[in-house]
Protein chains: 2
Amino acid sequence: MAPQVKSIEWTDGKLSLLDQTQLPVDVTVEEQTSVEQVWDSIKKLKVRGAPAIGVAGAYGLVVAMRDKTTLDAGAFMDELQRNADYLDSSRPTAVNLSWALKRVVAAARESGAATGGALLDVVRETAEAIHQEDIELCRKIGEYGVPLIQDGMGVLTHCNAGRLATSEYGTATAPMYLAHQNGVRFSVYSDESRPLLQGSRLTAWELKEAGIDVYTITDNMAAFVMQQGLIDLVIVGTDRVAANGDVANKIGTMGVAILAKHFGIPFYVASPFSTIDLATPTGSDIVIEERGEDEVTHFGLRRTAPEGIKVRNPAFDVTPNELVTAIITDRGIIKAPYTENLKKVFG
Amino acid sequence: MAPQVKSIEWTDGKLSLLDQTQLPVDVTVEEQTSVEQVWDSIKKLKVRGAPAIGVAGAYGLVVAMRDKTTLDAGAFMDELQRNADYLDSSRPTAVNLSWALKRVVAAARESGAATGGALLDVVRETAEAIHQEDIELCRKIGEYGVPLIQDGMGVLTHCNAGRLATSEYGTATAPMYLAHQNGVRFSVYSDESRPLLQGSRLTAWELKEAGIDVYTITDNMAAFVMQQGLIDLVIVGTDRVAANGDVANKIGTMGVAILAKHFGIPFYVASPFSTIDLATPTGSDIVIEERGEDEVTHFGLRRTAPEGIKVRNPAFDVTPNELVTAIITDRGIIKAPYTENLKKVFG
């Protein structure tokens, strides 16, 4: 009963990516035969989600270098660095991509391998390690979170912090996949997540694909399903957790947290250690990216608001720590007082 | 500085309707030259909103009968009744439409007018009275609500309880139009209102058209703008107010009320007397219409959720009376205890 379609497949030395831009209408898996194709897949958001982009980039270096084994070590390293810079330019603000590419290059450099062939082995092994670590991280979040989901429960989630954004399991979805594997029967309510609809396009798709009972609702129906007694807990992902436990995540998350508090429903945040940023003291130190107007004034290509209308389009919001019941991490479940407890585990 | 485009124009005996299905992209005003055209305009939602449909239907009878003045009184009344039944079939569940048509027919019947020409006068005068009363009702809501809006304030609204849904002023928007006429400077944040987007398509359009400073936001940004201190009050419309002050309105309204309470922002409901239903004891006695799945799985014609996904699509929600700061009616502002105070004014 393992998840069936993966964002990233690495089989017999071949890299395949699921084209997420075609979801939920078409399921297209594309083998990546050149580094240019990998660059293009990242650029065009065919693969998206910070962890998944990092893994795809690392494998992109294997694709780039696999027929360069006749180069001597110096020429191989020059070519590896050139390709790392090239892949990094596909999404310049993606921290995980840059981190993964640097890690592969550094591993090769520090390996002492003397031939192109030996260096390629290091590149491949490092990419595979990054991939396995990501899977393991998500699996651990799932293991810590899985006892929260019991038979008959309803779980609400917002946006996509799912398998599609990582290698497997996802973060917010990891407890759901593990509960489902364990035979627990529960339902998920997936907020649509305007403006870009990651909830209905991606989360609803991947949970349904895995055989989990899932409903799509528009964002403004969350209060209704809570009032009807259909929701027992909320689990969302996060883009950054500040040192005091304030949580930045996709716009709309804070509203869900306030509704959950109103109805006495626990609100959990799933986060790998790498997303907990002790260097950011509080949520007010997090700059909220304001994105382009077209996302709000249009739906796809169709205009849905008047020409010239003023718009707000914050991509994220910050949920204050007092609304967070607990943070489910790969190192255990962290509760308030967050400043103390996050420092203890991640400091 | 009066509002410039009206949902319904009645000038020199000619009926013109704004085609609201073309908004916000095209502004098309269509003169109605036959009763079949009026039927079609109501059926296709070119004119929508309970009060506006009632007024359009009443004028539809004038359009139907204006070249029937040579009929004798009995034949005229038969023909009038036939046309009323026909118009009523355009939207069978629209209570205001049925009410307005019956009122026109009854006025003609009870007038004692003895000729087709005299009966037509009664039909026209009754339609004009229905129109004027609707304008007056909304204007009074505006007059009672206008002191709430002060210079520099931000007002959040949900869905469309605006001028487009009535003859003029609207209900939730009436205090805004009057404040604007008085030179008060304020901003409105208009929730998009998925699934049918009445907020971005209609409310944002009509307020912008009137020169009011208005922003479109997606529904899940309401908490963010409140957290940023941009919202000083919320005003929404309603489909029904129960005897205890529970308020049924477009899905998403209750969520906004909970957010407003969390941030200490007053939450007002604008309601004409005709929407206050003392025969309904509480909100739990109101049946929530669940609409078709396509509205949630699609955006316009584009599929945005997976094939076969389960969906919830409640059209309305019920905001409990304890979240309602006050109800702005055409007979004054009503506050808690609602059971007592609503009965006092409307019982």
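Before I start, residues are numbered from 1 along each chain as its sequence is written, while chains are lettered from A and ligands numbered from 1 in the order in which they are written. Because the model is predicted, local features need pLDDT of at least 70 and side-chain atom pairs count only at pLDDT 80 or more, whereas totals for chains, interfaces and linings use all residues, and side-chain values use heavy atoms, with hydrogens and water left out.

Let me begin with helix H4 of chain A, residues 95-111; helices here are DSSP runs (H or I, at least four residues), as are strands (E, at least two), numbered from the N terminus.

Turning to the whole of chain A, we have domain 1 (8-140) and domain 2 (148-346), with bounds from an automatic or database domain assignment. In this chain, 18 residues of domain 1 are in contact with 18 residues of domain 2, contact meaning heavy atoms within 4.5 Å. Across that interface the rule finds 0 salt bridges, a salt bridge being a side-chain nitrogen of Lys or Arg within 4 Å of a carboxyl oxygen of Asp or Glu. On the domain 1 side, the elements giving two or more residues are H2 and H5 of chain A, and H5 gives the most, with 7 residues.

So where do we find salt bridges? Over all chains the count comes to 32. One of them joins A:Glu136 and A:Arg139 at 2.5 Å, N to O, and both residues lie in helix H5 of chain A, 3 residues apart, about one turn of the helix. In chain B, B:Asp277 forms a salt bridge with B:Arg240, the closest N and O atoms being 3.3 Å apart. B:Asp277 lies in strand E11 and B:Arg240 in strand E8 of chain B, so the pair ties together parts that are 37 residues apart in sequence.

Technical notes: The expected span of a helix is 1.5 Å times one less than its number of residues.
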